[in-house]
Amino acid sequence: MVNTRVRLGNIELDNPVIPASGTFAFGYEFADFYDINMLGAVVIKGLTREERYGNPQPRIAECPAGMLNAVGLQNPGVDKVIHEEIPKLRQCFRKPIIANVSGFSVDEYVECCDKLEREPEVSILEINISCPNVKHGGMSFGTDPDCASEVVRAVKQVTTKPVFIKLTPNITDISSMAIACEDAGADGLTLINTLMGMRIDLNSRKPLLANKTGGYSGKGIFPVAVRMVYQVYEAVQIPVIGVGGISSAEDVLEMMFAGASAVEIGAANLVSPYACRDIVQELPRTMEQYGITELQSVIGEAHHG
């Protein structure tokens, strides 16, 4: 028998497989397909202070080995998430819930986190300072270490829950950003978010997305994500959740060898609603194939020897 349990700080997960924010809705929608309690945790759709309708259509475009999206953080706002969406998820899911928080100002991050601090069903706050599809927020905080530090310090003043900062890959030195977040008090990091990309329609000769640019996700970004997780693992002491192009149990192991304590599955959920289920089911067999009995023990394995 193999042991798939892992730890994110003081929180133990039955396995490291977590659906990423934005591709798993609020989680309960997938309960119609399978028992989502087989997952390690769930990250709910990103929330903001006010309701957002997102960017204009079209906001999805296909790419080789992935897709572009410029959804623009469409969500019902933090109050409705707390009072309506999280209770619906808790009716069918007993594992840890991670709330993904976005903002357009430090005050907005603080207000949302202050409200979520009083929500007992939320175990971890994932602070998104890396969304490339909105103006005057998101990634603008994630490309400046001083701005990122300001967000972390402000959020930590209003919550006792673990705070994981979601980092953008659209930066020259990911390690310096990770160190800045750790120094400011972050309890963990999530990386990577999407890469900036664009497609152009040959007939109209205009960008396919109404937003012109979008976030590139899917299998094509996996090597970039592995590299960045590897670098950040060497730079900080706090746990890392690895994200980006993961679509198999083998990918999970590779990401954990690079240094991830857990992983999030994003675009694969849009290819198949059973993606996370299949990876959870494959994981024990894949561990046996590679002679792994304790999954927690392989975190950062690629850095040894």
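**Aromatic ring pairs around Tyr274**

Ring pairs join Phe24, Phe30, Phe33, Tyr34 and Tyr274 into a cluster. The model is predicted, so local features need pLDDT of at least 70 and side-chain atom pairs count only at pLDDT 80 or more, while totals for chains, interfaces and linings use all residues. Residues are numbered from 1 along each chain as its sequence is written, and side-chain values use heavy atoms, with hydrogens and water left out.

**Ring pairs**

- The whole structure contains 4 aromatic pairs; rings of Phe, Tyr and Trp (its six-membered ring) pair if their centres lie within 6.5 Å, and planes under 30 degrees apart count as stacked, over 60 as edge-to-face and the rest as tilted.
- Phe33 and Tyr274 form an edge-to-face pair, because their planes stand at 85°, with ring centres 5.8 Å apart.
- This pair ties together parts 241 residues apart in sequence, since Phe33 lies in the loop between β3 (17–19) and β4 (42–43) and Tyr274 in the loop between α8 (268–271) and α9 (275–289); helices (H or I, at least four residues) and strands (E, at least two) are DSSP runs, numbered from the N terminus.

- Tyr34 and Tyr274 form a tilted pair, with 6.3 Å centre to centre and 40° between the planes.
- Tyr34, in the loop between β3 and β4, is 240 residues from Tyr274.
- Tyr34 is buried, with a relative accessible area of 8%; buried means under 20%, exposed over 50% and partly exposed in between (1.4 Å probe, protein chains only).
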